Amino acid sequence: MFLKRIELQGFKSFADKSIITFDSDVTGIVGPNGCGKSNINDAIRWVLGEQSVKSLRGGNSMSDIIFSGSAQRKAVNLAEVTLVFDNTKRFFDIAYDEVEITRRLRRQNSEAEYLINKTPCRLKDITDLVMDTGLGRDSLSIITQGNISSFAEAKPEERRALFEEAAGVAKYKKRKNVSLHKLKNTQDNLARLEDIILELE
Ligand code: ATP
């Protein structure tokens, strides 16, 4: 998987449109404290579907991620971030050589918009697209400063969950839980159907 480019506009400290291009194997982002390095990490997780404002280091509302103004600039009303991936090796199961995933949020509307290759889609389409790639929002492909200390301090069962995620077992557990849930719903429906049949007889 190769993340070629990130385009940010109105996201946290990135008031103006900013394009960050990654064109070598290892890229380091350096800058003074508070200049917005971690905001880039937040932007990637946001596009991949992060729904927790807290884990994006915001306050109570998702609109906290929209540029809120500075001494020089007025606040803006729209945040938009696009991740552009090289897909020539078909890392994503989609027949395009480049995959663009976009998330957009307007201050007046708490519902975000999601797009894949500029076509509007649901959040589920994005989570499904990244689910098998190891790139999901809960995956270990993005490790934050806070993650390191929580790994070190994790309880054995929490650490086991991390190993399961790294080994690729976690996604099967998630799918199993979804299937068990559906099975339970079907069993409940069957029981209800039997009751109705008994009433009719
Ligand atoms: P450090 O090196 O100290 O970890 P950093 O370069 O990682 O810092 P970030 O944490 O990415 O910096 O950015 C923090 C900056 O982002 C702060 O100046 C904060 O005011 C700004 N910021 C965060 N959210 C918003 C927002 N919604 N609107 C405007 N600025 C914001």
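The legends below accompany several close-up views of one predicted protein model.

In this predicted model, local features need pLDDT of at least 70 and side-chain atom pairs count only at pLDDT 80 or more, while totals for chains, interfaces and linings use all residues. Residues are numbered from 1 along each chain as its sequence is written.

View 1. The C-alpha atoms fill a box of roughly 75 × 40 × 40 Å along the principal axes. The radius of gyration, taken over C-alpha atoms, is 21 Å for this chain, whereas a compact globule of 201 residues would have one near 17 Å, by a rule of 2.2 Å times the number of residues to the power 0.38.

**View 2. Strand β3 between its pairing partners β1 and β4.** Two strands pair if DSSP finds at least two bridges between them. Strand β1 (residues 2-9) is joined to strand β3 (residues 78-86) by 7 bridges, and the two run antiparallel; β3 is in turn joined to strand β4 (residues 98-106) by 9 bridges, again antiparallel.

**View 3. Leu 3 in strand β1.** A residue is buried if 20 or more other C-beta atoms lie within 10 Å of its own, exposed if 12 or fewer, and partly exposed in between, with C-beta atoms placed from the backbone. Leu 3 has 16 such neighbours and therefore counts as partly exposed. Two residues are in contact if their C-beta atoms, placed from the backbone, lie within 7 Å; leaving aside neighbours within four places in sequence, Leu 3 is in contact with Phe 22, Leu 83 and Phe 85.

**View 4. Ser 38 and Asn 39 in helix α1.** This helix covers residues 37-47. Ser 38 is partly exposed because 16 other C-beta atoms lie within 10 Å, and Asn 39 is partly exposed because 18 do. Beyond its neighbours within four places in sequence, Asn 39 is in contact with Phe 11, Lys 12, Ser 13 and Phe 14. An unreviewed UniProt entry lists Ser 38 and Asn 39 under "binding site", along with residues including Pro 32 and Lys 37; UniProt positions are given in the numbering used here, feature names are shortened, and annotations may be inferred rather than shown by experiment.

Terms used:
Helix = DSSP H or I, 4+ residues; strand = E, 2+ residues; numbered from the N terminus.
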